[in-house]
Amino acid sequence: MSNRLGRWRTALDLWRAQREGAAGLARRQEQRLAALLAHARSASPYYRRLYSHLPAERVPLQALPPVTKPELMAAFDDWVTDRGVTRAGVEAFIADPARIATPYRGEFFVCTSAGTTGRPGLFVYDRGAIDVYRAITSARVTPVWAGARGLLRMARCGFRWAAVLGTGGHYAGAGWIELERQRSGWRARALRVLSVQRPLAELVAELNAFDPAMLTAYPSALELLAQEQAAGRLRLQPVIVERGGESAEPGAMARVATAFRCAVRDLYSASECMTMAFSCAHDWLHLNSDWLILEPVDEDLRPTPPGQPSHTVLLTNLANRVQPLIRYDLGDSVLVRPDACPCGSPLPAIRVVGRRDDVLRLRAADGRSVKILPLAVGSVLDETPGLLRSQLVQTGAATLRLRLELRAGADREQVRRAAAARLGAYLAEQGLAEVEIVPASEPPEQSARLGKFRQVIAVPRAGAASGAGAE
Ligand SMILES: [Zn+2]
């Protein structure tokens, strides 16, 4: 009960913060940062050590050393602020697929970053953070996206929401929806996750039967579904279409909006911090700056001026206490809008310019061009026993090079055969049985010093496939 009261208070505070404008947002940011720093220094041995040379109080954010995923993961047990949360415990927990969306130790939400970000990260959210994200979704994001009439239409549809996402792992997107489904009977009926790995015809049939008011999918999946909608095989009347997870090609989202006859909304979210920003009617992402800080920086970690794309961003998550992220290198390139957004929101407006997961365009035996989604490839390969991470490099219209990095003690030949078999079976389901998979001797490559790992590297568009079916 106290939880529900807490959520109402959080929702009311979200509303007040926006009404108070920039000053109200900045005041909350400052207070929450001070509380987070005090907590991290007292309860996280990692941060206590990292900040030991700094004064006890009033340290400006910019004076704090940035942190990276490999550093934090290596120091996991010292990083967390609850001594009952351990890396071994979390790893044992996520190794069991039956525990997806069940709370770890009865209270924490756990997710792993998908293969697209390289070595998997393990992220643990406490109850306070979960309540903040729930409040942001219901009190801030959905009202802006749906509008008053849209909310009424959604209510008439029982708030049915279908999400076509990567499943089978503790991924933030699908895992979060599963967690929501377990809150109550009506949510269990109203929310549905459909695996992006399923054949398109099956997805279309299930979506038609479910008839959701809100549809969420990766841009590449949305494009395929929009083609089905335009062809009349998919017959949805969504109030909200939400894209997430990857950046979209120019023009593609306009086609999706036309097909579904509603605007395509964007949520900027990561395994490290959920619902960071949400798009407005002018297609800018508005940061929930009362609950997180994003610092766009250049290669030398100096602030990037508004209007210019950054090299990366440093994230400080003000909502989650159990695993403090303070000036964490997120790896995205972000551009901050220099002037006020015409939508009138006092929340800072940004664009994410560097989340470019490649979509593979492969040539089928009959000459058609078939699109393959990087996240689908990721969830197919990531489950291979003995595999730490993989990278697919397209070398021709129908050839792929498969780079593998193994877990300690794994048999290379065995893992290679298993990974190639999984990938081959998936491609065959998509009509790409002829595609050649060449095992590579070199390991996966990181694209830039602080840049994100790319699980899929496609060849430039022109040479990817014979034009049929492509844009
Ligand atoms: Zn706006």
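This tour moves through the structure from the whole chain to single residues, naming what to select at each stop.

The model is predicted: local features require pLDDT of at least 70 and side-chain atom pairs count only at pLDDT 80 or more, whereas totals for chains, interfaces and linings use all residues. Residues are numbered from 1 along each chain as its sequence is written, and side-chain values use heavy atoms, with hydrogens and water left out.

**The whole chain**

Begin by displaying the protein chain as a cartoon; it has 14 helices and 20 strands. Both are DSSP runs numbered from the N terminus, helices being H or I of at least four residues and strands E of at least two. The radius of gyration of the chain is 22 Å, close to the 23 Å that the globule rule gives for 471 residues, so the chain is as compact as a globular protein of that length. This radius is taken over C-alpha atoms, and the globule rule is 2.2 Å times the number of residues to the power 0.38. Along its principal axes, the C-alpha trace spans about 65 × 55 × 45 Å.

Of the 471 residues, 53% count as buried. Buried means under 20% relative accessible area, exposed over 50%, and partly exposed in between, with a 1.4 Å probe and protein chains only. Among contacts with a separation of 6 or more, 66% come from residues 24 or more positions apart; a contact means heavy atoms within 4.5 Å.

**The zinc site**

Next, select the zinc ion together with Cys280, His286, Cys341 and Cys343. The zinc ion is coordinated by the SG atoms of Cys280, Cys341 and Cys343 and by NE2 of His286, at 2.1 to 2.3 Å. Donors are N, O and S atoms within 2.8 Å of the metal (3.2 Å for Na, K and Ca); water is not among the atoms, so sites may look incomplete. Along the chain, the donors of the zinc ion follow the spacing C-x5-H-x54-C-x1-C.

What makes the arrangement around the zinc ion tetrahedral? The 4 donor atoms subtend angles of 96 to 114°, and four donors count as tetrahedral if all angles lie between 85 and 135 degrees. Cys280 and His286 are both buried.

**The open sheet**

Two strands pair if DSSP finds at least two bridges between them. His286 is the bridge partner, in β9, of Phe278.

Now show the open sheet of 9 strands, whose order is β4-β3-β5-β6-β7-β8-β9-β14-β13, with mixed pairing. At the edges stand β4 (191-195) and β13 (334-336), each with a single partner strand, so one side of each is left without a neighbour in the sheet. Neighbouring strands of this sheet are turned by 30° against each other on average, direction ignored.

Axes here are lines fitted to C-alpha atoms, for helices over the stretch in contact, and angles run from 0 to 180 degrees between N-to-C directions.

**Helix α7 and Glu180**

Select Glu180, which lies in helix α7 (residues 172-181). Is Glu180 buried or exposed? At 10% relative accessibility, Glu180 counts as buried. Leaving aside residues up to four places away in sequence, Glu180 touches Arg134, Arg187 and Leu191.

Then colour the whole of α7: 7 of its 10 residues are buried, so the helix is largely enclosed by the rest of the structure. Including Trp176, Ile177 and Leu179, the buried residues of α7 pack against β1 (109-112), α6 (127-156), β3, α8 (185-190), β4 and β8.

**A hairpin**

Move to strands β15 (residues 360-363) and β16 (residues 369-372), which run antiparallel and are joined by 4 bridges. They form a hairpin with 5 residues between them, and Gly367 in the turn has a positive phi of about 90°. Arg363 has Ser369 as its bridge partner in β16.

**Two loop residues**

Most residues other than glycine have a negative phi. Select Arg58, in the loop between α2 (45-50) and α3 (69-74); its phi is near 55°, a positive value. Arg58 counts as exposed, at 82% relative accessibility.

Finish at Asp211, in the loop between α9 and β5. Phi of Asp211 is near 55°, also positive, and at 31% relative accessibility Asp211 counts as partly exposed.

Conventions: Tetrahedral: all angles 85-135°; square planar, octahedral: opposite > 155°, others 65-115°.
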